[in-house]
Amino acid sequence: MTSTPPDASTPAASLAVIGGSGFARMEALRAPLVWEPATPFGAPSGPITIGTLHGRRVAFLPRHGAGHALLPQEVPYRANVWALKALGVQGIIAVSAVGSLQASIAPGEMVAPDQIIDRTRHTRPTTFFGDGIVAHVGFADPFCADLSARLVAAGASLGVLVHAGGTYIAIEGPLFSTRAESRLYRAWGGSIIGMTAVPEAKLAREAEIAYGMLATATDYDVWHESEADVSVEVVLARLRENVATAQRIVAETIRALPADWTSTARGALRHAIVTDPARIPGRARADLAPIIGEYLS
């Protein structure tokens, strides 16, 4: 499949924001331009908007596409991350609507999680590798500790509680959990539950892009005995307020980033590719050039 990397008219971006449910645009971006790339993995979720915020070039991509048309299983995660890597992105702030699995995380509050339990069924590709190239990348700590701390600090500076740390339970969807599953995830120590951190976080690590998440709690899933069960109505009722707060936190996080900030995931691939370079097919070399090029040169 052909791809269209950025050309001289496409400005690089050092940071990206991936917007989840309700977070469909970033109106704070100044002088925005739109890039519509083709990638070896198909088209991204939608056009990527690149603009300036607090002096930094920022790329914005709505995860579920225009009008929220993509199921969690249908999001082209590989295309999204490939395109952001091709733009020169060092870090991703992912904004995601989630359910709370703990009474200490009330609907309307935010979480910067630090762990993931993957309960997806892998109907969505979770790696850039295969087809003649094998790599095993470390994923012990799936979220960037630095970006997470900065999201927590940005919330504090705005008077908004962002819980530091927590385990994200990634489920397949699109159905919500059964009551038995929700209780099981609580027993495992799960903090929040959602449908998109996998494979997004895994692919970002393979691409050596730091990945931090601002998870916005909309409900108590279905474990709570006195609160309403999660439903689209419940989620939508909470989203508007959550998204406005998330916009402020993301903007403040970007404002406070040092000018020379770079990815904490740099080097994740340095010793991860185990295939003999001489045996890596030319197609894989070309398709993955933005990701693996420096290690095969």
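User: How many of the 10 residues of helix H1 are buried?
Analyst: This is a predicted model, in which local features need pLDDT of at least 70, side-chain atom pairs count only at pLDDT 80 or more, and totals for chains, interfaces and linings use all residues. Residues are numbered from 1 along each chain as its sequence is written, and side-chain values use heavy atoms, with hydrogens and water left out. Buried means under 20% relative accessible area, exposed over 50%, partly exposed in between (1.4 Å probe, protein chains only). H1 covers residues 77-86 and is mostly covered, with a buried count of eight.

User: Which residues of H1 are buried?
Analyst: Helices (H or I, at least four residues) and strands (E, at least two) are DSSP runs, numbered from the N terminus. In H1 the buried set is Tyr77, Ala79, Asn80, Val81, Trp82, Ala83, Leu84 and Lys85.

User: Which residues have the most contacts inside the largest nonpolar core?
Analyst: A nonpolar core is a set of buried Ala, Val, Leu, Ile, Met, Phe, Trp, Tyr and Cys residues joined through side-chain atoms within 4.5 Å. The largest one has 51 residues. Those with the most contacts inside it are Ile48, Leu84, Ile92, Phe128, Leu269 and Ile292.

User: What does isoleucine 92 touch, not counting residues up to four places away in sequence?
Analyst: Contact means heavy atoms within 4.5 Å. Leu84, a buried residue of H1, is one of the partners of isoleucine 92.

User: How many residues does the second, separate core have?
Analyst: Phe23, Leu53, Phe60 and Met110 are among its members. The count is 29 residues.

User: Is serine 177 buried or exposed?
Analyst: Serine 177 sits in the loop between strand S9 (167-171) and helix H3 (179-187). It touches Ile171, Ser182, Tyr185, Ile193, Asp221 and Val222, not counting residues up to four places away in sequence. Its relative accessible area is 10%, so serine 177 is buried.

User: Where is proline 174, and what is the peptide bond from glycine 173 to it?
Analyst: Proline 174 lies in the loop between S9 and H3. The bond from glycine 173 has omega near 0 degrees, and is cis.

User: What is the omega of the peptide bond from valine 198 to proline 199?
Analyst: Proline 199 is in helix H4 (residues 197-206). Most residues other than glycine have a negative phi, and most peptide bonds are trans. The bond from valine 198 to proline 199 is cis, with omega near 15 degrees.

User: Is aspartate 131 buried or exposed?
Analyst: Aspartate 131 is in the loop between strand S7 (115-119) and helix H2 (145-157). Its phi is near 55 degrees, a positive value in a residue other than glycine. Its relative accessibility is 76%, so aspartate 131 is exposed.

User: What is the relative accessible area of histidine 68?
Analyst: Histidine 68 is in the loop between strand S4 (56-62) and H1. Phi of histidine 68 is near 55 degrees, a positive value. Histidine 68 is partly exposed, at 43%.

User: What radius of gyration does the protein have?
Analyst: The radius of gyration is taken over C-alpha atoms, and the globule rule is 2.2 Å times the number of residues to the power 0.38. For 297 residues, a compact globule would be near 19 Å. The protein agrees, at 19 Å.
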